[in-house]
Amino acid sequence: MTTFDLNDGVRALNAHLHGEVTGELSAVNPAGRHAVAVGATGAHSVSIDGNVGYYCGGMNQLADIEVRGNAGPGLAENIMSGRVHVRGDASQYCAATGHGGLVVVDGNASSRCGISMKGVNVVVRGNVGHMSAFMAQKGCLVVCGDAGDALGDSLYEARLYVRGSVASLGADCVQKPMEAEHLDELGALLHEAGVTGVDPAEFTRYGSARKLYHFDIDNASDY
Amino acid sequence: MCGIVGLYAKRDTISERLGTLLAEMLVQMGDRGPDSAGVALYRGAGQGKKLSARVADDAQRAALVETAREQIGCSAQVLGAHVLLTGEVGPQTVAWLAQHCPQADVMSVGERIEIYKEAMHPDDFVSRYDLGAVRGSHALGHTRMATESAVTTQGSHPFSTGQDLCLVHNGSLSNHNRLRAQLERAGLQFKTENDSEVAAGYLAHRLSEGDSLADALSAALEDLDGFYTFAIGTREGFAVLRDPIACKPAVLAETDDWVAMASEYRAIARLPGATEARVWEPEPGQIYTWEREAA
């Protein structure tokens, strides 16, 4: 186990994560610093002891990153693969534009969670804020609590599973039936995220009505 | 971008260190707003009213201090480029200053509030105003990165919004020109083209019309268009409000000893007991207030 004291800056940790030597790493004293554990390119295992600032775990590939605290805006932005797990809350645009991998938030995620996600899976044990999964294209957003306003606005093919209430659905986002394949998919995601005691059957699925996909002649006057 | 900080002491141990803790918070937000810095300090209850005015010229500042007691019955002291008048302060003081010391730019009037601000890097501001020596009940601070108007002391924050009231803003308002015109028709005067000054003026106007602070902030949610995280200082506490879109960041934290707000957690991270604090992100469009009972 190699320990990085972030009071000395984040560059040494990030440089290590960009290298080829993988193993268990510990980072202490994050104190809300930005860009902690960004750009990892290998199967490192990183534990961060405390609250982080903007863009923690951004562009992650293969690494397993755990934040034992809260995360600021832009957690795991553009994640490609691997896993980013926050024990506390995550601020706005968590997992934005993520292409793959898994992001787990044990607490709440605020607004724009999963905005424009492109394949990442996101599991939030608490609530998500407004405009979550806006323009989400691929992957799953699992919300064990409630979702705020305009969930899934202008959604493409991402799948949204919400256990609690939804304040309102965004444009072109509709409720869809839970088929066996969705129960299986959701069950696997909850298992992978370490969420126990939650039955996939308690969730509601939302997805795109696909009405925004194509030009509609009835709307010609709007152009 | 701009950075906002606020610290509210629940215990004397924090009051005694208020300036030191606020200074650290302000410095942490220095790279969010390196062009100007300002603070509103709430201290000195029961010592009469206070007026802080910026007088840029050294000689004029010295002359004001020299004549203040004799001419307007106030004691005066210099803090940086400001003069703090204490005593029988009121509209007559403001009128006297306008006539006899027109260079004096009145920053705040009230029983506890003192506003100081400069177009200066936050690190330098903290040193010049010896914030480490400040004791008080609560304080707000702002580090500015100008986007809506010129880099001037007048354009920096906090903006006073009435006696003992002030506002700091991170964000940008899109309807400030129309609102400014409306408020000017209602009799308000503005010193700058700054959008945040319009927000401050808006609150001042609502309060003068009889609104409570909560009512004024609720109305602001309807009437102010744009992005904002506001922190508002009151005589007994402070309030935090984010717009319904909530693009602009904000973090709140609370312990048994203090309440703190900041644009980013790193401004809070060094407060005593921060690692055990309850930390959360304020909800969009929700008003948060902390107040002690009036003395």
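Contact, as the word is used in these legends, means heavy atoms within 4.5 Å of one another. The legends describe a predicted model.

**Figure 1. Chain A, its elements and its contacts.** Chain A holds 2 helices and 11 strands, and from the N terminus on its elements follow the order β-α-β-β-β-β-β-β-β-β-β-α-β. For its 223 residues the globule rule gives 17 Å, and since the radius of gyration of chain A is 18 Å, close to that value, the chain is as compact as a globular protein of that length. Taken along the principal axes, the C-alpha atoms fill a box of roughly 60 × 45 × 25 Å. Among the contacts in chain A with a separation of 6 or more, 21% are between residues 24 or more positions apart.

**Figure 2. The salt bridge between A:E181 and A:R159.** The side chains of A:E181 and A:R159 meet in a salt bridge, with a distance of 3.3 Å from N to O. This pair links distant parts of the chain, 22 residues apart, with A:E181 placed in helix α2 (residues 180-193) of chain A and A:R159 in strand β9 (residues 159-162) of chain A. A:E181 is partly exposed, its relative accessible area being 46%, and A:R159 also counts as partly exposed, at 24% relative accessibility.

**Figure 3. A network of salt bridges in chain A.** Five side chains come into view here, with A:E66, A:R68, A:R87, A:D106 and A:R125 linked in a network of salt bridges. Side chains of opposite charge can pair when their charged atoms come close. Counted over all chains, the model has 25 salt bridges.

**Figure 4. Chain B, its elements and its contacts.** Chain B contains 8 helices and 16 strands. A compact globule of 295 residues would have a radius of gyration near 19 Å, and the 18 Å of chain B agrees with this. The C-alpha trace of chain B spans about 50 × 45 × 35 Å along its principal axes. Of the contacts in chain B with a separation of 6 or more, 72% are between residues 24 or more positions apart. In chain B, 58% of the 295 residues count as buried, and of an accessible surface of about 11600 Å², 46% belongs to carbon and sulfur atoms. The chain carries 27 positive and 40 negative charges, whose mean positions are 1 Å apart.

**Figure 5. The salt bridge between B:E254 and B:K10.** B:E254 and B:K10 form a salt bridge in which the closest N and O atoms are 2.7 Å apart. Because B:E254 lies in strand β13 (residues 251-254) of chain B and B:K10 in the loop between β1 (3-9) and α1 (12-15) of chain B, the pair ties together parts that are 244 residues apart in sequence. B:E254 is buried, with a relative accessible area of 18%, which falls under the 20% cut-off for that class, whereas B:K10 counts as partly exposed at 36% relative accessibility.

**Figure 6. The salt bridge between B:R270 and B:E24.** In the salt bridge that B:R270 forms with B:E24, the closest N and O atoms are 3.4 Å apart. B:R270 is found in the loop between β14 (258-262) and β15 (278-280) of chain B, and B:E24 in helix α2 (residues 18-28) of chain B, so the pair ties together parts that are 246 residues apart in sequence. B:R270 is partly exposed, with a relative accessible area of 37%, and B:E24 likewise counts as partly exposed, at 30% relative accessibility.

**Figure 7. The surroundings of B:L252.** B:L252 belongs to strand β13 of chain B, and at 0% relative accessibility the residue counts as buried. When its neighbours within four places in sequence are left aside, B:L252 is in contact with B:V240, B:A260, B:M261, B:R278, B:V279, B:W280, B:P282, B:Y288 and B:W290. The C-alpha atoms of B:L252 and B:S263, which are 11 residues apart along the chain, are separated by 8.9 Å.

Notes. Residues are numbered from 1 along each chain as its sequence is written. Chains are lettered from A and ligands numbered from 1 in the order in which they are written. This is a predicted model: local features need pLDDT of at least 70, side-chain atom pairs count only at pLDDT 80 or more; totals for chains, interfaces and linings use all residues. Side-chain values use heavy atoms; hydrogens and water are left out. Helices (H or I, at least four residues) and strands (E, at least two) are DSSP runs, numbered from the N terminus. The radius of gyration is taken over C-alpha atoms; the globule rule is 2.2 Å times the number of residues to the power 0.38. Buried means under 20% relative accessible area, exposed over 50%, partly exposed in between (1.4 Å probe, protein chains only). Accessible areas come from the Shrake-Rupley method with a 1.4 Å probe; for residues, only the protein chains shown count as cover. Lys and Arg count as positive and Asp and Glu as negative; His and the chain ends are not counted. The place of a charge is taken as NZ of Lys, CZ of Arg, CG of Asp or CD of Glu. A salt bridge is a side-chain nitrogen of Lys or Arg within 4 Å of a carboxyl oxygen of Asp or Glu.
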